[in-house]
Amino acid sequence: MAAPSTPASTAAHGESAPADIDVIPVRHYGRWIAAVAAVAAVGGLIGSLAKNANLHWDVIRHYLFAGLIFDGLVTTLWLTAAAMALGLVLGTLIAVMRLSANPVLYALSSLFVWVFRGTPLLVQIIFWGYAAALYKKVLIGIPFTSITFVQADTNALLTPAVAALLALGLNEAAYASEIVRAGIQSVDHGQTEAAHSLGMRPALTMRRIVLPQAMRVIIPPMGNETINMLKMTALVSVIAAHDLMSNIQDVYAQNYQVIPMLVVASIWYLALVSLLSIPQAWMERRYGRGTSGGGRISPLQRMLATAAGLGRAKKESQR
């Protein structure tokens with residue numbers, strides 16, 4: 001049986017070596033057709049909205065940067081930041097309680113998660129906004145006795161902004177606790193055992209060993225929770241907390257321009273969510289290094305890279 005010929009043996013017999021093979025990539029015509037159809041549909045929709053006189057673009061331009069809108073934006077932003085801070089701190093505490101071997105701490109933390117995750121956020125906001133109907137005064141003293149240290153009127157203490165913060169923060173704590181708990185449980189138990197063998201106390205082990213490693217699992221979903229919290233602040237308009245949506249409703253209750261004012265709100269929410277998406281994407285890449293898909297690039301980045309490659313190829317062909 002003859003051995004297969006090689007380029008060297010072929011050249012020895014007087015035959016020319018095979019030329020370089022041109023590799024032609026597979027053409028995905030279906031993708032291009034779908035992309036063109038999608039762009040055409042979106043372009044048609046944008047063109048239809050731009051020419052629609054019922055949108056009243058003059059009203060949108062007038063209120064887009066109005067002072068009342070900026071006042072609502074400030075309230076929306078501080079509510080988002082404060083509620084996320086409260087939810088993260090309280091959620092971490094509840095997550096540690098749920099992982100505790102103490103049955104009382106486990107039962108109390110599980111009850112908290114069950115109540116605040118099992119009832120709609122809108123119901124919780126209305127409940128805190130009208131808590132004075134349940135308790136006229138807030139008392140701090142010794143239970144089951146008449147001894148009172150501090151008392152305050154509920155309406156004076158629970159203003160709409162405070163009620164909104166409590167509702168958003170406590171609701172977020174229930175979800176954040178599950179995220180933190182999942183992150184803690186993702187760390188191998190051998191890490192804890194090794195720290196204990198070195199004489200580290202459980203609290204120090206949690207703070208120095210477990211939580212830093214759990215950040216890889218905690219950070220990406222927590223970024224999604226922050227974006228979701230920004231949008232959920234619109235629900236506090238039911239108790240007139242003077243956020244962005246509350247001020248938008250006040251305006252269209254007077255001028256009856258409901259759709260244009262909702263467009264103004266949508267533009268600002270989209271702008272804020274887009275800004276929050278930038279650090280979220282960075283943190284996902286930062287904490288996802290070394291994992292499957294951690295270095296994955298987005299379709300936009302792939303498109304920009306392709307365009308840059310085509311530009312370089314064009315310049316080389318012109319030389």
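Which helix gives the most to the lining of the second largest pocket? In this predicted model, the answer is helix 10, with four residues. The space in the second largest pocket comes to about 290 Å³. Its lining is made up of 14 residues, and those closest to the centre are Leu99, Ile184, Thr192, Met206 and Val210. Two or more lining residues come from each of helix 8 (160-186), helix 9 (189-197) and helix 10 (202-232). Sorted by class, the lining of the second largest pocket holds seven nonpolar residues, six polar residues and one charged residue.

Ser277 is a residue of helix 12, which covers residues 258-287. In sequence, Ser277 and Ile227 are 50 residues apart, while in space their C-alpha atoms are 7.7 Å apart.

Helix 2 takes up residues 29-51. With 23 residues at 1.5 Å a residue, helix 2 should span 33 Å, and its end C-alpha atoms are 33 Å apart, so the two values agree. The number of buried residues among the 23 of helix 2 is zero, and therefore helix 2 lies largely in the open.

Definitions and conventions
Residues numbered from 1 in each chain as written. Predicted model: local features only at pLDDT ≥ 70, side-chain atom pairs only at ≥ 80, totals over all residues. Heavy atoms only, no water. 1 Å grid on protein atoms, 1.4 Å probe; cavity = no way out; pocket = protein on both sides within 12 Å on 5 of 7 lines; lining within 4 Å. Points joined across faces, edges and corners; volume = space filled by probe spheres on them. Nonpolar A, V, L, I, M, F, W, Y, C, P; charged D, E, K, R; others polar. Expected span 1.5 Å × (residues − 1). Buried < 20%, exposed > 50% of the residue type's maximum accessible area, 1.4 Å probe, protein only.
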